[in-house]
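Let's take a walk through a model together, moving from whole chains to their contacts and then to a few local details. Keep the structure open beside you as you read.

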Amino acid sequence: MLLVYCPYCDVERAETEFACRGEAHIARPADPTQVSDEDWVNYLYMRTNTKGVYAERWRHIHGCGRFFNAVRDTVSDRFLKFYKAGETMPDLEAIAKEAGK
Amino acid sequence: MSDLLANDLITPDAGEAPLLAQADVSILKAVPVTRLSYRGREGSLKAAGKAFGVALPVQPLSNSTAPKRAALWMGPDEWTLLAPEEELNAVFEAIEKGLGDTPHALVDVSHRSLAVIVSGAKAEWLLNTGIFIDLSLEAFPVGTVTRTIFHKAPVMLWRTGPDTFVVESWVSFMDYVSGLLVQVGQELAAA
Amino acid sequence: MSQPFRTEKGGRIDRAEQLTFTFDGEEMQGHKGDTLASALLANGVHLVGRSFKYHRPRGIISAGSEEPNALVGVYRNGDQTPNLRATQVELYQGLEAISQNRFPSLGFDIGAVNDLMSPLFPAGFYYKTFMWPKSFWDRVYEPIIRAAAGLGKPPKNPDHDVYGNIYVHCDVLVAGSGPSGLAAALAAAETGAKVILCDEQAEFGGSLLSETSASIDGKDPCDWVAETIAKLMTMDNVTLLPRTTAFGYFAHNFVALAERVTEHLSNPDPKLPRERLWQVRAKEVVIAAGAIERPMVFPENDRPGILMAESGRTYLNRYGVKVGHKVLVTTACDTAWQAAFDLKDHGVEVVAIADMRETPPANLISIAEARGIRVEAGCVVTGTLGRKRVKGALLGKLMTSGKVASGGQVACDAILMSGGWTPTVSLYSQSRGKVVWDADKGAYVPGKSVQNERSTGASKGLYGLQATLEDGYAAGEEAAKAATGKSAKITYSVATGGEAGAGGTLGALPHDRNAARVKAFVDYQNDVTAKDVKLAVREGMQSIEHIKRYTTTGMATDQGRLSNMNALQIASGALERPVTDVGLTTFRLPFTPTTFGLFAGVSRGDFFDPVRNTPSHDWVVANGGVYEDVGQWKRTWYFPKDGEDMHAAVARECKTARESVGLFDASTLGKIEVVGPDAAEFLERMYTNPWKKLAPGRCRYGLLLNDAGFIVDDGVIGRLAEDRFHVTTTTGGAPSVFATMEDYLQTEWPDLDVWITSTTEQFAVAAVQGPKAREVIAPFIEGVDLSAEAFPHMSVVEATFCGVPCRLFRISFTGELGFEINVPRRHGKMMWETLAKEIEKHNGTVYGTETMHVLRAEKGYIIVGQDTDGTVTPQDAGMSWAIGKKKLDFVGKRGLERPDLVAENRKQFVGLLTKDPKVKLEEGAQITVAENPATGTPAEGHVTSSYYSPALDRNIALAIVKNGHALEGKTLYVPMPNGSIPVEVTGPVFYDKEGARLNV
């Protein structure tokens, strides 16, 4: 059972309080009418599915209810960073390098 | 046995028999109260608190209380406001009036939940049989309030005293929550 | 008289308290403090079971949880728990144990014929033998294998025990309470850190409990243990857990412990759990799991009476039990010599110490000689005699050529062996740490820590009492410092004696016997011999993972703790590659076998999952309603009257609702209150329909898509005020719709001034449907003109019901005049009982979900999730009318324009009428164009709903069919095992197509 930090509650809780919602930083296009079919399909379905350091969405569904983002190493299951929704995507390579030390 | 009064709002329902009454832990049904869900941005909080009668806390997982009022932090834009059952309309109208055109959402959820008061030297132990949060006083001091999971049911947990907790769940989950608490609590009588 | 192998004095048993127990029905005596194993040995019983494959007689081999042979069943209250290790079963008055894996009796076992036929059962036997003919697999091979397989007998009755659970947090968890574990716990505790110390045994102390030739701070080791435990018990920051196995190490320092709470008690209080699962989140973990002794792989090394040397010493010193009267000690390392010395000191005849080393340490030899013990250096055991109990051993002299010369025969009734020590790295391995090969120690030891843990003492290959103590203190201090940042001045105790021994061997030992004829066992429980491992290599297995699966070595309940290193060495020799190249299999959880009850915990029976009831529950039960499960909800399915079956009850309910009035509990429907200045804008973006112009007091059916364009939910939405909507969802969809709305609000449109609140359980809902619905509710509703003109179809108003505030909707899911009344939930019971009484006056009926389904199907209303499957668009469902054509965007709009969603040949929602009105279609049945399509013909669609319609007095069905809208009037087929059923494609609305009944 993973230990997840909620940046809104400022507390670590067990994974069962949370729901993982897949890859982070995939924004719904602002004007869908201007998006090609292919790009819409990419938006809907295509994910990087990284083996390694990955930014993903979590929701503190049985807590404060907020969505937030986490950087997780999908190999070791280690969380490397938690940040609030709306904050810019961190430099994953830099985080990976830092963690690899 | 510690003080069974959770506080001046969540009090044992005198008309209901205790679900569990043992030397080291008791489980009592609480009286109905007015519960309002308040949602709004930071700019609305001051007026909301003033109209309600106690400030809405901004520190995560905390509560603020005044006589017959309690405001519980549920999330960064969500609070549960508690008041006596009969004050529903008065409180609702006061807040709506106090906020005027300031965007917010106030919804009556008084009937959505039921509460039990779990109290006694073994209250912490009993809750930890189904809740994975560290409930030691250092990690979960008096006044802490949080939503979490009790076994397989979502609950709200509020510590109102060193040995006293309010456990609230949506009505249809309460048979499960209180049933398990009682079943496991009976183990203490055997030990 | 009894207990002929009990020593006269010594040991930690309570000689004053005698306990009676039975083994296979035979009554015996033991003492408090015994395990079943030690008590059996005290009575001279070594033969306790039969092996898995060859049914060879087997005896107790160890004194710990690694025991592979002594698996027994224990009876309690008429139930039997199989596969308990006798070495871990604590003796209590009246204990009833049975041996396993034998028929008809332990002494005479028919299955033992397998041993004579063993040339027929080589490694990979199953893979080679049961390959053909294919048809034999199901009918012949599998039943026989299944009947023969398995250990013990599963219990027949439901488990009557209860199982507990507790979540705990600590700074330092110490697993194991030998010298290093105790020292670690004490050191960590002295810093003030929150410490949990667990040990799988009944008593703390580990190896110290059988150590009689060393001292700590000048004291007897057992006294030091007692003092240390007494001190820990006084500390509030320490939790002591005996009989508790750390069996699983998970991510983020989450460790699962199994505590055996009552199994050791004669008459436990039934309120107490049999076992308790401790789910521990530890900031730091200290693994002090110790090491276990390795068997020596010599021919016939499995006879009852052959034990590990240190276990023999444990039985002697801790339990006061002699493993035999004439004992041979065979070893490759120093530590076994102490067992010989201790036995001799207790008056046991030690026939010889056979040490395979050419020159064992001189000091050991002189101690042996002083005691008059014969020493044979450079000597191995090449075979043993006896069947149900070892009677003698063949000795062999190791020659410089590597060959073995016969060294004669000795008579003995027990053999103690020691191939050296293997650190227990299971927990470390579970924590995802990689073990590294230590050539000096000839062992795999923990490498780099992956999680916040450290191994200490023998579990990392460190031996010798003083060294392990010191290492334990240091590990405890370091762990506490890492967890809390605190440290304290710790006084280390000092040990004398208990020095680390040298020596050890791996793999099969040489012998002078016919290699084809003898069996030298590597894995006792799975009956894997050295020969099997070599055969696996000869047959092409290269990786230890393949060798393991082919031979099943290391796959028994001890997970190869006894066998892995020997198997690895044998494989390495056969492959002619170094051990490090062959690899080591991964240790998995659980560390020792763990009951299902422990994992299930409280989640059984009534508490398996939350059961959610509505306020009509008591009334429904009193009135004989039949429930169906809808997720966690109990919903009334139908209300049988006077012995009606379901068909009759549903037919009556349908007819009555259409002709008069029906009452239905709709409380489980999801309800979401959408509030804020941007409420209409938000719904405009979420739902396909337009909302901005909906007037307060009016309702609209809302259709919710995902951004791919597919229908995911629906429900009626009422506007209560400019900035307040009452949204309903499907029962099952309520949580996901709420989560989806929050997702869009929080992450896509955080600028909108609107908030959502679940009110599903704030309200109880009664649906009153039928021509007389208005008359039924009128007496109780105040403050509303209910006339068709003032309160038309699709209206909502806030009113009172019997004086209680309510939200009254005029909506219909039946096609009849209908109302849905929402009252605050605590008034739900009152509302239901009031209305149930009232409808009787109108010859109405209460109805359940089945009637609800029939009535809506007659009207062609979809049920999301039944008539849709996540690939249905509004157009497919014939619901283009629900799409706001002028809207620039809503969730799903762009998705609907994708080429595949506007292409020809999409499956569309239609009605089906069987040509024979009496024939009812199966839901889920496939639909084809041809009456008897060739095998492999793709289906045109499938039946989604099928019911008998009382209103039409015939069967009706709904379906999704390729190009279905264009096929109206055409005939299709539903092929079934008993013949193809012809059906006519129709529109989905079967009843009151104009909707006249709604607007009355």
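What follows starts with the ground rules and then turns to the chains.

This is a predicted model, in which local features need pLDDT of at least 70, side-chain atom pairs count only at pLDDT 80 or more, and totals for chains, interfaces and linings use all residues. Residues are numbered from 1 along each chain as its sequence is written, while chains are lettered from A and ligands numbered from 1 in the order in which they are written.

Let's begin with chain B. Its secondary structure comes to four helices and 11 strands, where helices (H or I, at least four residues) and strands (E, at least two) are DSSP runs numbered from the N terminus. The C-alpha atoms of chain B fill a box of roughly 60 × 35 × 30 Å along the principal axes. Of the 191 residues of chain B, 55% count as buried. Here a residue is buried if 20 or more other C-beta atoms lie within 10 Å of its own, exposed if 12 or fewer, and partly exposed in between, with C-beta atoms placed from the backbone.

Chain C has 25 helices and 50 strands, and its C-alpha trace spans about 115 × 70 × 55 Å along its principal axes. Of its 1000 residues, 54% count as buried. Two residues are in contact if their C-beta atoms, placed from the backbone, lie within 7 Å. Among contacts in chain C between residues at least 6 apart in sequence, 67% join residues at least 24 apart; the figure for chain B, counted among contacts between residues at least 6 apart, is 61%.

Now for the places where chains meet. The contact between chains B and C takes 33 residues from chain B and 31 residues from chain C. On the chain B side, β3 (33-40), β7 (104-108) and α4 (174-190) each supply at least two residues, and the largest share, nine residues, comes from α4(B). By class, that side has 17 nonpolar, nine polar and seven charged residues. In this scheme Ala, Val, Leu, Ile, Met, Phe, Trp, Tyr, Cys and Pro count as nonpolar, Asp, Glu, Lys and Arg as charged, and the others, Gly among them, as polar. Chains A and B also touch, with 13 residues from chain A and 13 residues from chain B. The chain A side of that contact has five nonpolar, four polar and four charged residues.

How do helices pack inside the chains? In chain B, α1 (residues 45-52) and α2 (residues 88-99) pack at an angle of about 145°, with their axes 8 Å apart; axes are lines fitted to C-alpha atoms, for helices over the stretch in contact, and angles run from 0 to 180 degrees between N-to-C directions. Among the residues making this contact are Ala47(B) and Phe52(B) of α1(B) and Val91(B) and Ile95(B) of α2(B). By class, the contact has eight nonpolar, one polar and two charged residues. In chain C, α5 (residues 179-190) and α11 (residues 465-484) pack at about 35°, with their axes 7 Å apart. The residues that meet include Leu182(C) and Leu186(C) in α5(C), and Leu469(C) and Tyr473(C) in α11(C). That contact has 14 nonpolar, five polar and two charged residues.

Helix α8 (residues 335-345) of chain C is mostly covered, with eight of its 11 residues buried. Trp337(C) and Phe341(C) are among the buried ones, and their cover includes α7 (309-317), β17 (326-331) and α9 (362-370) of chain C. Just after α8(C), Gly347(C) takes a positive phi of about 85°.

Leu509(C) sits in the loop between β28 (495-496) and β29 (521-523) of chain C. Leu509(C) counts as buried because it has 23 C-beta neighbours inside 10 Å. Leaving aside neighbours within four places in sequence, Leu509(C) is in contact with Met296(C), Val297(C), Phe298(C) and Val380(C).
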